[in-house]
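Subject: Structure handover

Hello,

Here is the structure I promised to pass on. Please open it alongside this note, and then read on for what was found.

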Amino acid sequence: MLRRSYSILLILALTVLLVLSACGQTKTTSTATDASANTAEQTTDSASAAEPATTDEGETVTYQSDAGEVEVPKTPQRVIDLTAFTTGYFVALDVPVVGALSGAMGNKYIRDQLISEGTTDLGEQPTAEQLVSLKPDLIIAYKGTEGLDQLSQIAPVVQIQYGKLNYKDLMLELGKLTNREDAAKAWVTNWEAQISEWKPKVEAAVGDRTVSILNPYAKGLYVFGHNYGRGGEILYGEFGLKAPTKAQAEAIDSGTGFASISMEVLPEYAGDIIFTSPWSGDTSDAEVVYSNTLWENLPAVKEGHVFQLDNTSDTYNDPITLEGQLKFITDSLLSVKWTL
């Protein structure tokens, strides 16, 4: 649901590009002078395109990715991220991102930084021409993405398995990958200090009351837990707040991070406080849920304890997004007034 897998069109486009490239290299000219000039020109262009834009004089290191060892630039300078969900990590680490998917480009928490550094919006299904033209020295993709063999002919590809690491460990791992381990450790330390500051205040404000994360979608509602963005990492992971019993069992204790429920059982999954947004994965009208009497009669709705998430940005759980969510969540929780 959250991973992006590219169609066979990408493979075909890359294959065609490579064939055309090979044909171009075998083309001869009619005179010795033209041949000499073309050879020199091709050599210059090839060196420019193949030369990784790294510091440390092009030094490379062997990195253990989730799909095996990869030779990568020691300090990458032109990263293309084809995952969307890790782009914010590179922004937090001040790693130059030359290309990112539209989802990441539209994330309000990192959008301005990406635009200011000239990151190219690759859409949702990048073309081979786009990737080659950006001259990346490193490409990030989810493990199992189609066309990886072809991608590796453009630049080293590091595959990431979605959800394998929590956000702190992933931050440290990407710091290692990009030769920015100190920056990654510094972020984790600073983040934990912020949580230590806010957690006692939140605990005092919320007490034993429950919190839900609910997304209406075409077939009912998604109930989210501790590891699928939307603030779950903060609400349940960092602050340790309670979910309703069934939500706790199905979306958190199960390890899946989410559960799908029908409208009829909504009251059993709705907490004293609700964070919600329409589901961005389909075109259903969330008002079908929000205007339903079952929703309107929830205690959290009646008491004004419902807080609207941004369905284009709060789905992410990278460091920059989490910092933005932390402010929204703490402001929301501390604003709740309980009826005595």
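Leaving aside its neighbours within four places in sequence, which residues is Val158 in contact with? The list is Tyr63, Ser65, Val72, Leu138, Ile139, Ile140, Ala141 and Leu177. Please keep in mind that this is a predicted model.

Some background on Val158. Strand S7, residues 157-160, holds it. Val158 has 1% relative accessibility, so it counts as buried.

Now the overall picture. The protein has 340 residues, and 44% of them count as buried. It contains 16 helices and 12 strands. Take the contacts with a separation of 6 or more: 66% of them join residues 24 or more positions apart.

Next, the core. The largest nonpolar core has 89 residues. Those that touch the most other members are Leu235, Phe239, Phe275, Trp295 and Leu333. Helix H9, residues 181-206, gives this core its largest share, seven residues.

Phe239 deserves a look. Beyond four places in sequence, Phe239 touches Ile195, Trp198, Lys199, Val202, Glu203, Ile234, Leu326, Ile329, Thr330 and Leu333.

Helix H9 comes up again in two helix pairs.

H9 with H16:
- Helix H16 covers residues 319-335, and its axis comes within 10 Å of the H9 axis.
- The two axes cross at roughly 15°, so H9 and H16 are roughly parallel to each other.
- This crossing is left-handed.
- From H9, the residues that meet H16 include Trp187, Trp191, Ile195, Trp198 and Val202. On the H16 side, Pro319, Leu322, Leu326, Thr330 and Leu333 are among them.

H9 with H8:
- The axes of H8 and H9 come within 7 Å and cross at roughly 160°. The cut-off for roughly antiparallel is over 145 degrees, so H8 and H9 are roughly antiparallel to each other.
- H8 passes H9 in a right-handed crossing.
- Tyr167, Lys168, Met171, Leu172, Gly175 and Lys176 are the H8 residues that meet H9. Their partners in H9 are Glu181, Ala184, Lys185, Trp187, Val188, Trp191 and Glu192.

Trp187 and Trp191 of H9 are listed with H16 and also with H8.

What about the loop between these last two helices? Thr178 lies there, between H8 (167-177) and H9. Is Thr178 buried or exposed? Thr178 counts as buried, because its relative accessibility is 0%. Setting aside residues up to four places away in sequence, it touches Lys74, Thr75, Pro76, Phe90, Leu93 and Val95.

Best wishes

Notes
Residues are numbered from 1 along each chain as its sequence is written. This is a predicted model: local features need pLDDT of at least 70, side-chain atom pairs count only at pLDDT 80 or more; totals for chains, interfaces and linings use all residues. Side-chain values use heavy atoms; hydrogens and water are left out. Helices (H or I, at least four residues) and strands (E, at least two) are DSSP runs, numbered from the N terminus. Buried means under 20% relative accessible area, exposed over 50%, partly exposed in between (1.4 Å probe, protein chains only). Contact means heavy atoms within 4.5 Å. A nonpolar core is a set of buried Ala, Val, Leu, Ile, Met, Phe, Trp, Tyr and Cys residues joined through side-chain atoms within 4.5 Å. Axes are lines fitted to C-alpha atoms, for helices over the stretch in contact, and angles run from 0 to 180 degrees between N-to-C directions. Angles under 35 degrees count as roughly parallel, over 145 as roughly antiparallel, 65 to 115 as roughly perpendicular and the rest as oblique. A crossing is left-handed if the near helix is turned anticlockwise from the far one by less than a right angle, and right-handed if clockwise.
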